[in-house]
Amino acid sequence: MTAPQPTLLSRARGEAVMAFRFALVGIAATLTHSAVALGLHGAGLLPALAANVAGFLTAFGVSFTGHHFWSFAALRGTSGTAARMRKFFLLALAGFLINSGTLLGWLRLTDWPESLGILVSIAIVPALSFLGARFWAFRAHPSSPAS
């Protein structure tokens, strides 16, 4: 006997819950990224780009942990944690490259504050990250349907 198929409404609710959880984890990771990058740069410990790398790496741990165990827990299925982490790291790295390119452009093309450039560069990636995480890094495999 097979389990009943979820209704469109129940699937929409599930997607909304995942998106909401993704946003909350993303906010926590963004705050972590910002605090580390701005803190290191503001204290004069690292230049803006190096501080941004340190912020990204720190925030990656917050982001992956939150998404793996909470945002996309319903999709965990049979894929292992290491495989999900590799995919999510590639996705995060692509977002970070967009982030860093934006910051580099900011630093080279404007006279505006570097700290503002860090914040702008951090803010541009979240929507792309959600789509990549939901449909690639954390997607359920056909053998393990998301309930």
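Mentor: Let's begin with a pair of helices: H2 and H3 cross in a right-handed way. Keep in mind that this is a predicted model.

Trainee: What makes that crossing right-handed?

Mentor: The term applies if the near helix is turned clockwise from the far one by less than a right angle. The crossing of H2 and H3 falls in that class.

Trainee: And which residue classes make up the contact of H2 with H3?

Mentor: That contact has 15 nonpolar residues, seven polar and one charged.

Trainee: Why are H2 and H3 called roughly antiparallel?

Mentor: Their axes cross at roughly 150 degrees and come within 10 Å, with H3 covering residues 81-109. Angles over 145 degrees count as roughly antiparallel, so H2 is roughly antiparallel to H3.

Trainee: At what angle do H1 and H2 pack?

Mentor: Helix H1 (residues 8-42) and helix H2 (residues 48-71) pack at about 155 degrees, and their axes are 7 Å apart. That angle is over the cut-off of 145, so H1 is roughly antiparallel to H2. The crossing of H1 and H2 is right-handed, and their contact holds 16 nonpolar, eleven polar and one charged residues.

Trainee: Why give both an angle and a distance?

Mentor: Because two packed helices are described by the angle between their axes and the distance between the axes.

Trainee: Now a single residue. How do you know whether glycine 117 is buried or exposed?

Mentor: Look at its relative accessible area, which is 1%. Buried means under 20%, so glycine 117 is buried. Glycine 117 lies in helix H4, residues 114-123.

Trainee: What does glycine 117 touch?

Mentor: Leaving out residues up to four places away in sequence, glycine 117 touches Leu103 and Trp106. As for glycine 105, its C-alpha is 9.1 Å from that of glycine 117, and the two are twelve residues apart in sequence.

Trainee: How many helices and strands are there overall?

Mentor: The protein has five helices and zero strands, which gives the order α-α-α-α-α from the N terminus. Its C-alpha trace spans about 65 × 30 × 20 Å along the principal axes.

Trainee: What share of the residues is buried?

Mentor: Buried residues are 33% of the 147 in the protein. The accessible surface is about 8500 Å², with 72% of it belonging to carbon and sulfur atoms.

Note on methods: Residues are numbered from 1 along each chain as its sequence is written. This is a predicted model: local features need pLDDT of at least 70, side-chain atom pairs count only at pLDDT 80 or more; totals for chains, interfaces and linings use all residues. Side-chain values use heavy atoms; hydrogens and water are left out. Helices (H or I, at least four residues) and strands (E, at least two) are DSSP runs, numbered from the N terminus. Buried means under 20% relative accessible area, exposed over 50%, partly exposed in between (1.4 Å probe, protein chains only). Accessible areas come from the Shrake-Rupley method with a 1.4 Å probe; for residues, only the protein chains shown count as cover. Axes are lines fitted to C-alpha atoms, for helices over the stretch in contact, and angles run from 0 to 180 degrees between N-to-C directions. Angles under 35 degrees count as roughly parallel, over 145 as roughly antiparallel, 65 to 115 as roughly perpendicular and the rest as oblique. Ala, Val, Leu, Ile, Met, Phe, Trp, Tyr, Cys and Pro count as nonpolar, Asp, Glu, Lys and Arg as charged, and the others, Gly among them, as polar. Contact means heavy atoms within 4.5 Å.
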